[in-house]
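Here are some exercises on pockets and a ligand, each with a worked solution. Try each task on your own before reading on.

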Amino acid sequence: MANRFYITTPLYYVNAPPHLGHAYTEIVSDCLARYHRLNGEEVWFLTGSDEHGQKIARAAESARLTPQAFVDQMIQPFQTLWRTLHVRYDDFIRTTESRHIRSVQAALQRLFDAHQLVKSIYTGWYCVPCETYWTSTDFSAEQLAQSVKTCANCQRPVEALEEEGYDLRLGGEAQQWLLHHLDTHPEFIVPETRRNEVRSLLERPLPEVLCVTRPVRRVGWGIPAPFDAHHVVYVWVDALLNYISAVGFPDDQQRLAHWWPADVHVIGKDILRHHAIYWPMLLHALGLELPHTILAHGWWTVGDVKMSKSRGNAVDPQAVVAEYGVDALRYFVLREVPFGHDGVFTEEALVKRFNADLANDVGNLHFRTLTMVEKYTSGRIPSAHQCERSPADEVLARLRQALPQTLERAMARYDFVAALEAILVAMNRANKFIEEQAPWTVAAASHTARLHGILWQLLETLRVTTLTLWPFIPHAAERMWQALGWAEPLWQATDQRTLAQRIETAMFHDGQRIQKGQPLFPRRELT
Ligand code: ME8
């Protein structure tokens with residue numbers, strides 16, 4: 001294999017069903033994973049569920065279930081949604097699985113044995129919904145004076161806390177080391193706004209320590225600390241370690257060496273601090289390398305408010321897919337919002353985008369071209385050497401040629417908007433080409449060689465754009481590929497060609513039979 005690409009998503013808390021925000025993280029990750037697969041790389045795409053901690057225990061209590069029965073039930077809507085969205089992950093890790101528990105305990109024992117952990121009393125605040133500690137430096141003077149303080153992340157009240165725990169040191173040397181890493185690795189945190197945010201956090205003194213355990217008497221639902229029966233592992237430490245537990249830490253050194261360090265951790269900006277500060281500190285203490293990139297996207301909001309399970313303002317992705325189809329949802333979230341920005345979800349915007357791009361450009365080009373192939377060449381792809389060329393073909397040829405490189409550049413910058421724009425420009429231009437070349441007039445004049453030439457240009461443009469659309473809207477792309485007359489799927493794991501090589505070599509054969517089928521994206525009215 002040319003390259004290997006290890007990509008992860010956060011492990012979502014399974015206290016409530018997933019919404020559009022979670023769907024977005026998965027779609028972005030799946031799109032990147034598919035792009036690298038299409039490029040012939042060996043990809044490992046990891047996702048999963050965060051199942052321990054106080055938040056889950058409380059939700060289970062409200063549901064009158066044991067925590068284990070509760071999480072067993074609650075992962076179902078997540079896994080079902082990932083199937084609906086055509087999210088093709090390689091592994092789904094649950095933090096309650098024994099492979100993960102063993103690995104977390106081994107990591108904690110390693111830190112303990114190396115005298116990296118110190119037992120102390122923590123005094124501060126704790127946000128249960130975010131499972132996050134806050135200290136006095138995290139509040140304004142005004143907040144400190146008030147009896148009820150709110151979480152800087154989710155704005156819900158925090159709980160005052162005084163409890164015994166084992167701590168990992170964060171400040172001083174470790175902080176300087178991380179700052180240096182940030183400054184010498186501009187790709188470590190993307191986009192730049194998030195990098196600057198972490199940089200300014202690191203320029204101020206950090207809390208001295210990170211608690212890595214919590215007392216059993218307070219949090220019963222967690223992984224037991226291997227060195228002290230009165231403690232369980234802090235849920236964030238437990239969850240972060242999944243990125244290495246899933247690829248063989250500590251027993252399978254060969255597998256770990258193959259996949260670690262991860263290429264990309266995709267996260268939302270809400271959990272940047274945990275991934276960009278606590279996770280590197282933990283890895284450093286364990287003597288492991290840091291991930292290549294932490295890729296933090298923005299929030300989907302309703303009005304100005306972050307969409308969240310607890311606020312009751314969540315958009316249900318299953319309902320959107322039931323109404324508009326999986327391609328519409330995937331396309332909309334990837335195309336509508338520049339990566340890293342917040343996005344507002346409205347059905348109006350989705351329908352507008354669907355009609356303008358998927359119906360007008362993609363669907364039209366596909367259906368008009370195949371209709372003409374049915375009509376003029378009995379559903380067979382004309383052979384290239386019977387085609388008359390024209391200088392007018394050049395514009396399409398140039399767009400096709402530029403596409404793999406444009407895509408590569410855009411995907412390297414995580415610029416999904418630019419990647420889709422480039423594909424859609426080629427398709428839109430091909431639709432104009434139909435109007436300009438008026439194949440119906442050429443057919444009426446019995447100018448068969450030029451008629452074939454026009455169809456061939458359109459089919460070639462469809463072939464190349466269909467291939468490049470696959471990471472974004474795989475369901476539609478597979479249908480388009482089949483309609484173009486290929487019996488085998490567009491992507492097969494055994495194919496190690498790069499995208500550019502695929503484009504050059506996966507050519508139509510003479511007389512290939514197309515399967516027109518139904519229009520892909522009939523225009524929609526708002527329901
Ligand atoms: O934080 N817009 O889990 P979580 C965009 N278990 N993305 C959103 C979103 C929104 N409105 N709401 C949620 C946790 N997300 C921890 C993670 S990882 C080792 C442990 C997405 O269920 C986004 O990816 O609260 C965000 O970072 C994640 O869900 C938080 O999921």
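The exercises below go from the pockets to the ligand.

Before you start, note that this is a predicted model, in which local features need pLDDT of at least 70 and side-chain atom pairs count only at pLDDT 80 or more, while totals for chains, interfaces and linings use all residues. Residues are numbered from 1 along each chain as its sequence is written, and side-chain values use heavy atoms, with hydrogens and water left out.

**Exercise 1.** Describe the largest pocket and its lining.

*Step 1: terms.* On a 1 Å grid over the protein atoms alone, a pocket is an open set of points where a 1.4 Å probe fits, with protein on both sides within 12 Å along at least five of seven lines; lining residues have an atom within 4 Å of a point. A volume is the space filled by probe spheres set on the points, which are joined across faces, edges and corners.

*Step 2: elements.* Helices (H or I, at least four residues) and strands (E, at least two) are DSSP runs, numbered from the N terminus. Elements with at least two lining residues include α1 (20-38), α2 (54-62) and α11 (272-286), but β1 gives the most, four residues.

*Step 3: classes.* The lining divides into 17 nonpolar, 15 polar and eight charged residues. Here Ala, Val, Leu, Ile, Met, Phe, Trp, Tyr, Cys and Pro are nonpolar, Asp, Glu, Lys and Arg charged, and the others, Gly among them, polar.

**Exercise 2.** Which pocket does the ligand sit in, and which residues come nearest to the ligand?

*Step 1.* The ligand sits in the largest pocket (more than half of its atoms lie within 2 Å of the pocket's grid points).

*Step 2.* Around the ligand are 24 residues (a heavy atom within 4 Å), of which L11, T25, D50, W300 and M307 come nearest.

*Step 3.* β1 gives the most to this shell, with four residues. The shell holds 12 nonpolar, eight polar and four charged residues.
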